[in-house]
Amino acid sequence: MPTVRVNGAELYHEIRGSGPPVLLIMGATGDGGHFDTLADLLADEFTVVTYDRRGNGRSPPPAGWTTTSPQEQADDAAGLVDVLAFGPTAVFGTSSGGNFALWMLTRHPAAVRGVVLHEPGVYALLDDVDAVRSPLQAVVRQSRNEGGLPLAVERFWQYIAGDDAWTKLPAALRERLRASASTFFDVELGTYERYMPDDQALDAIAVPVLLVLSEDSHDFFAEVARRLSTRIGADVTTTPGRHGAYHDRPLELAETLRPFLRQISA
(Lines give C-alpha, C1' and ligand atoms only; values in the text may rest on other atoms or scores of the structure.)
Protein backbone atom coordinates (compact mmCIF):
# COMPACT_ATOMS: atom_id res chain seq x y z
CA MET A 1 0.00 0.00 0.00
CA PRO A 2 1.23 3.56 -0.67
CA THR A 3 2.25 4.72 2.79
CA VAL A 4 4.80 7.22 4.05
CA ARG A 5 6.11 7.83 7.56
CA VAL A 6 5.14 11.30 8.73
CA ASN A 7 5.38 12.83 12.20
CA GLY A 8 5.71 9.40 13.81
CA ALA A 9 2.77 7.87 11.91
CA GLU A 10 2.38 5.71 8.80
CA LEU A 11 -0.08 7.46 6.49
CA TYR A 12 -1.84 5.69 3.65
CA HIS A 13 -2.38 8.06 0.71
CA GLU A 14 -3.48 8.11 -2.90
CA ILE A 15 -2.51 10.52 -5.70
CA ARG A 16 -4.66 11.20 -8.74
CA GLY A 17 -4.33 13.39 -11.81
CA SER A 18 -1.83 16.09 -12.70
CA GLY A 19 -1.63 19.84 -12.29
CA PRO A 20 -1.55 22.07 -9.21
CA PRO A 21 -1.70 20.02 -6.00
CA VAL A 22 -4.80 19.79 -3.80
CA LEU A 23 -4.84 17.98 -0.44
CA LEU A 24 -8.19 16.69 0.87
CA ILE A 25 -8.52 16.28 4.66
CA MET A 26 -11.37 14.15 6.00
CA GLY A 27 -13.09 14.87 9.29
CA ALA A 28 -14.64 12.26 11.60
CA THR A 29 -13.86 8.65 10.62
CA GLY A 30 -10.75 10.01 8.89
CA ASP A 31 -10.79 7.74 5.82
CA GLY A 32 -9.68 9.30 2.54
CA GLY A 33 -11.95 6.87 0.72
CA HIS A 34 -14.81 9.27 1.42
CA PHE A 35 -13.29 11.47 -1.27
CA ASP A 36 -12.84 8.89 -4.03
CA THR A 37 -15.49 10.33 -6.34
CA LEU A 38 -14.64 13.97 -5.62
CA ALA A 39 -10.94 13.28 -6.16
CA ASP A 40 -11.64 11.54 -9.48
CA LEU A 41 -13.66 14.54 -10.64
CA LEU A 42 -10.98 17.08 -9.71
CA ALA A 43 -8.13 14.99 -11.12
CA ASP A 44 -8.82 16.25 -14.65
CA GLU A 45 -6.98 19.49 -13.82
CA PHE A 46 -5.38 19.02 -10.38
CA THR A 47 -3.03 16.60 -8.63
CA VAL A 48 -5.35 15.41 -5.88
CA VAL A 49 -3.97 13.83 -2.69
CA THR A 50 -6.22 11.91 -0.33
CA TYR A 51 -5.06 10.13 2.81
CA ASP A 52 -6.31 8.24 5.82
CA ARG A 53 -5.58 10.23 8.96
CA ARG A 54 -3.50 8.41 11.59
CA GLY A 55 -5.30 5.48 13.16
CA ASN A 56 -8.10 5.58 10.59
CA GLY A 57 -8.82 3.30 7.66
CA ARG A 58 -5.58 2.00 6.16
CA SER A 59 -3.30 4.15 8.36
CA PRO A 60 -2.48 2.17 11.52
CA PRO A 61 -2.45 3.81 14.96
CA PRO A 62 1.09 4.51 16.13
CA ALA A 63 2.30 2.36 19.00
CA GLY A 64 1.21 3.79 22.33
CA TRP A 65 -0.96 6.47 20.69
CA THR A 66 -3.90 7.22 22.98
CA THR A 67 -4.83 10.85 22.25
CA THR A 68 -4.43 13.48 19.58
CA SER A 69 -4.85 17.21 19.01
CA PRO A 70 -5.65 19.55 16.14
CA GLN A 71 -1.98 20.55 16.16
CA GLU A 72 -0.88 16.94 15.68
CA GLN A 73 -3.38 16.43 12.87
CA ALA A 74 -2.21 19.64 11.19
CA ASP A 75 1.43 18.57 11.49
CA ASP A 76 0.56 15.21 9.91
CA ALA A 77 -1.04 16.94 6.91
CA ALA A 78 1.85 19.38 6.49
CA GLY A 79 4.34 16.54 6.85
CA LEU A 80 2.62 14.58 4.10
CA VAL A 81 2.79 17.58 1.77
CA ASP A 82 6.47 17.97 2.62
CA VAL A 83 7.30 14.31 1.98
CA LEU A 84 5.48 14.36 -1.34
CA ALA A 85 7.47 17.50 -2.29
CA PHE A 86 4.59 19.24 -4.05
CA GLY A 87 5.42 22.68 -2.68
CA PRO A 88 2.64 25.03 -1.51
CA THR A 89 -0.65 23.17 -1.79
CA ALA A 90 -4.33 24.02 -1.92
CA VAL A 91 -6.09 22.36 1.02
CA PHE A 92 -9.70 21.25 1.37
CA GLY A 93 -10.88 20.21 4.82
CA THR A 94 -14.37 19.10 5.77
CA SER A 95 -15.97 19.07 9.24
CA SER A 96 -13.24 18.43 11.84
CA GLY A 97 -10.90 18.18 8.84
CA GLY A 98 -11.72 21.85 8.31
CA ASN A 99 -10.56 22.53 11.84
CA PHE A 100 -7.32 20.65 11.12
CA ALA A 101 -6.87 22.53 7.83
CA LEU A 102 -7.18 25.84 9.67
CA TRP A 103 -4.51 24.73 12.13
CA MET A 104 -2.33 23.57 9.23
CA LEU A 105 -2.64 27.01 7.66
CA THR A 106 -1.63 28.82 10.84
CA ARG A 107 1.14 26.40 11.88
CA HIS A 108 2.61 25.74 8.40
CA PRO A 109 1.77 28.78 6.26
CA ALA A 110 4.57 28.11 3.77
CA ALA A 111 2.98 24.76 2.90
CA VAL A 112 -0.42 26.20 2.02
CA ARG A 113 -1.46 28.08 -1.11
CA GLY A 114 -5.07 28.55 -0.03
CA VAL A 115 -7.75 26.74 2.00
CA VAL A 116 -11.33 25.62 1.50
CA LEU A 117 -13.14 24.96 4.77
CA HIS A 118 -16.30 22.90 4.19
CA GLU A 119 -18.57 23.15 7.22
CA PRO A 120 -15.53 23.28 9.53
CA GLY A 121 -15.87 21.89 13.04
CA VAL A 122 -14.55 25.04 14.71
CA TYR A 123 -17.10 24.76 17.50
CA ALA A 124 -15.10 27.01 19.81
CA LEU A 125 -16.80 29.87 17.98
CA LEU A 126 -20.23 28.85 19.27
CA ASP A 127 -21.72 30.24 22.46
CA ASP A 128 -22.69 26.76 23.68
CA VAL A 129 -20.57 23.91 22.34
CA ASP A 130 -22.45 21.37 24.46
CA ALA A 131 -25.70 22.20 22.67
CA VAL A 132 -24.09 20.72 19.56
CA ARG A 133 -22.26 17.85 21.24
CA SER A 134 -24.92 16.59 23.67
CA PRO A 135 -27.45 15.20 21.14
CA LEU A 136 -24.67 13.42 19.26
CA GLN A 137 -23.19 12.06 22.49
CA ALA A 138 -26.59 10.64 23.40
CA VAL A 139 -26.82 8.86 20.04
CA VAL A 140 -23.31 7.45 20.46
CA ARG A 141 -23.91 6.24 24.04
CA GLN A 142 -27.15 4.47 23.15
CA SER A 143 -25.62 2.90 20.04
CA ARG A 144 -22.55 1.62 21.89
CA ASN A 145 -24.81 0.07 24.51
CA GLU A 146 -26.93 -1.62 21.85
CA GLY A 147 -24.30 -2.78 19.40
CA GLY A 148 -20.84 -1.58 20.35
CA LEU A 149 -18.56 0.54 18.19
CA PRO A 150 -19.73 -0.84 14.81
CA LEU A 151 -23.29 0.31 15.44
CA ALA A 152 -22.10 3.58 16.98
CA VAL A 153 -20.17 4.61 13.87
CA GLU A 154 -23.15 3.71 11.68
CA ARG A 155 -25.57 5.77 13.76
CA PHE A 156 -23.06 8.61 13.98
CA TRP A 157 -22.82 8.78 10.20
CA GLN A 158 -26.59 8.75 9.85
CA TYR A 159 -26.89 11.57 12.39
CA ILE A 160 -24.34 13.80 10.72
CA ALA A 161 -24.93 13.00 7.03
CA GLY A 162 -28.54 11.77 6.76
CA ASP A 163 -30.59 8.66 7.57
CA ASP A 164 -29.76 6.94 4.28
CA ALA A 165 -26.12 8.07 4.14
CA TRP A 166 -24.60 4.96 5.72
CA THR A 167 -26.16 2.46 3.33
CA LYS A 168 -24.99 4.55 0.37
CA LEU A 169 -21.33 4.28 1.39
CA PRO A 170 -19.27 1.70 -0.53
CA ALA A 171 -19.16 -1.61 1.34
CA ALA A 172 -15.37 -1.58 1.68
CA LEU A 173 -15.48 1.91 3.19
CA ARG A 174 -18.16 0.87 5.68
CA GLU A 175 -16.00 -2.04 6.78
CA ARG A 176 -12.96 0.19 7.31
CA LEU A 177 -15.03 2.66 9.32
CA ARG A 178 -16.26 -0.12 11.58
CA ALA A 179 -12.75 -1.50 11.99
CA SER A 180 -11.21 1.81 13.07
CA ALA A 181 -14.20 3.27 14.92
CA SER A 182 -12.30 3.23 18.22
CA THR A 183 -9.96 5.91 16.87
CA PHE A 184 -12.81 8.39 16.51
CA PHE A 185 -14.74 7.53 19.65
CA ASP A 186 -11.90 6.72 22.07
CA VAL A 187 -9.01 8.86 20.79
CA GLU A 188 -10.20 11.83 18.72
CA LEU A 189 -13.57 12.84 20.13
CA GLY A 190 -13.17 15.63 22.65
CA THR A 191 -9.66 16.64 21.55
CA TYR A 192 -10.50 19.34 19.00
CA GLU A 193 -14.05 20.66 19.41
CA ARG A 194 -13.23 23.46 21.85
CA TYR A 195 -9.94 24.53 20.27
CA MET A 196 -8.98 26.91 17.49
CA PRO A 197 -5.87 28.96 16.61
CA ASP A 198 -5.38 32.07 18.73
CA ASP A 199 -6.05 35.62 17.55
CA GLN A 200 -2.44 36.29 16.64
CA ALA A 201 -2.34 33.21 14.41
CA LEU A 202 -5.65 34.06 12.74
CA ASP A 203 -4.56 37.65 12.13
CA ALA A 204 -1.44 36.37 10.37
CA ILE A 205 -3.36 34.42 7.69
CA ALA A 206 -2.07 35.71 4.36
CA VAL A 207 -3.56 33.33 1.78
CA PRO A 208 -7.14 33.09 0.46
CA VAL A 209 -9.69 31.15 2.48
CA LEU A 210 -13.12 30.06 1.24
CA LEU A 211 -15.89 28.78 3.50
CA VAL A 212 -18.38 26.36 1.93
CA LEU A 213 -21.76 25.39 3.38
CA SER A 214 -23.98 22.54 2.23
CA GLU A 215 -27.52 23.71 1.52
CA ASP A 216 -29.26 20.88 3.41
CA SER A 217 -27.04 20.50 6.46
CA HIS A 218 -27.20 21.27 10.17
CA ASP A 219 -27.86 24.87 11.23
CA PHE A 220 -24.87 25.02 13.58
CA PHE A 221 -22.45 24.69 10.66
CA ALA A 222 -23.89 27.88 9.18
CA GLU A 223 -23.39 29.69 12.50
CA VAL A 224 -19.77 28.51 12.73
CA ALA A 225 -19.12 29.64 9.14
CA ARG A 226 -20.73 33.04 9.70
CA ARG A 227 -18.64 33.74 12.78
CA LEU A 228 -15.42 32.43 11.24
CA SER A 229 -16.04 34.46 8.08
CA THR A 230 -16.37 37.60 10.17
CA ARG A 231 -13.28 36.74 12.19
CA ILE A 232 -10.88 36.07 9.29
CA GLY A 233 -12.54 38.01 6.46
CA ALA A 234 -13.31 34.96 4.28
CA ASP A 235 -16.10 34.62 1.74
CA VAL A 236 -18.87 32.07 2.25
CA THR A 237 -20.50 30.14 -0.58
CA THR A 238 -22.95 27.25 -0.73
CA THR A 239 -23.05 23.90 -2.47
CA PRO A 240 -25.98 21.49 -2.95
CA GLY A 241 -26.32 18.49 -0.68
CA ARG A 242 -25.91 17.56 2.96
CA HIS A 243 -22.89 17.51 5.25
CA GLY A 244 -21.42 14.65 3.22
CA ALA A 245 -21.79 16.52 -0.08
CA TYR A 246 -18.68 14.76 -1.39
CA HIS A 247 -20.86 11.62 -1.37
CA ASP A 248 -24.36 12.79 -2.25
CA ARG A 249 -23.54 15.71 -4.60
CA PRO A 250 -19.87 15.29 -5.60
CA LEU A 251 -20.19 16.76 -9.10
CA GLU A 252 -21.76 19.95 -7.76
CA LEU A 253 -19.17 20.18 -4.98
CA ALA A 254 -16.35 19.81 -7.48
CA GLU A 255 -17.78 22.62 -9.58
CA THR A 256 -18.18 24.78 -6.48
CA LEU A 257 -14.50 24.30 -5.66
CA ARG A 258 -12.98 24.69 -9.13
CA PRO A 259 -13.04 28.52 -9.48
CA PHE A 260 -11.32 29.01 -6.12
CA LEU A 261 -8.79 26.24 -6.73
CA ARG A 262 -7.98 27.70 -10.14
CA GLN A 263 -7.60 31.17 -8.67
CA ILE A 264 -5.16 30.19 -5.94
CA SER A 265 -3.22 27.91 -8.28
CA ALA A 266 -2.74 30.45 -11.07
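Counting ring pairs across the model gives 9 aromatic pairs, where rings of Phe, Tyr and Trp (its six-membered ring) pair if their centres lie within 6.5 Å, and planes under 30 degrees apart count as stacked, over 60 as edge-to-face and the rest as tilted. This is a predicted model, in which local features need pLDDT of at least 70 and side-chain atom pairs count only at pLDDT 80 or more, while totals for chains, interfaces and linings use all residues. Residues are numbered from 1 along each chain as its sequence is written, and side-chain values use heavy atoms, with hydrogens and water left out.

Select F35 and Y246, an edge-to-face pair with 5.3 Å from centre to centre and 70 degrees between the planes. F35 sits in the loop between β3 (21-25) and α1 (36-42) and Y246 in helix α9 (residues 245-248), 211 residues apart; helices (H or I, at least four residues) and strands (E, at least two) are DSSP runs, numbered from the N terminus. F35 is buried at 0% relative accessibility, and Y246 is buried too, at 1%, buried meaning under 20% relative accessible area with a 1.4 Å probe and protein chains only.

Next, select Y123 and F221, a tilted pair whose centres are 6.4 Å apart and whose planes make 45 degrees. Y123 belongs to the loop between β6 (112-118) and α4, and F221 to helix α8 (residues 219-232), so this pair ties together parts that are 98 residues apart in sequence.

V91 stands opposite V115 in β6. From β5 the chain crosses through helix α3 (residues 96-107) to β6 in a right-handed β-α-β crossover, meaning that, with the strands pointing away from the viewer, the path from the first strand over the helix to the second runs clockwise.

Finally, select helix α4 (residues 129-161), which is followed by G162, a residue with a positive phi near 120 degrees.

Note on methods
Buried < 20%, exposed > 50% of the residue type's maximum accessible area, 1.4 Å probe, protein only. Pairing = 2+ DSSP bridges.
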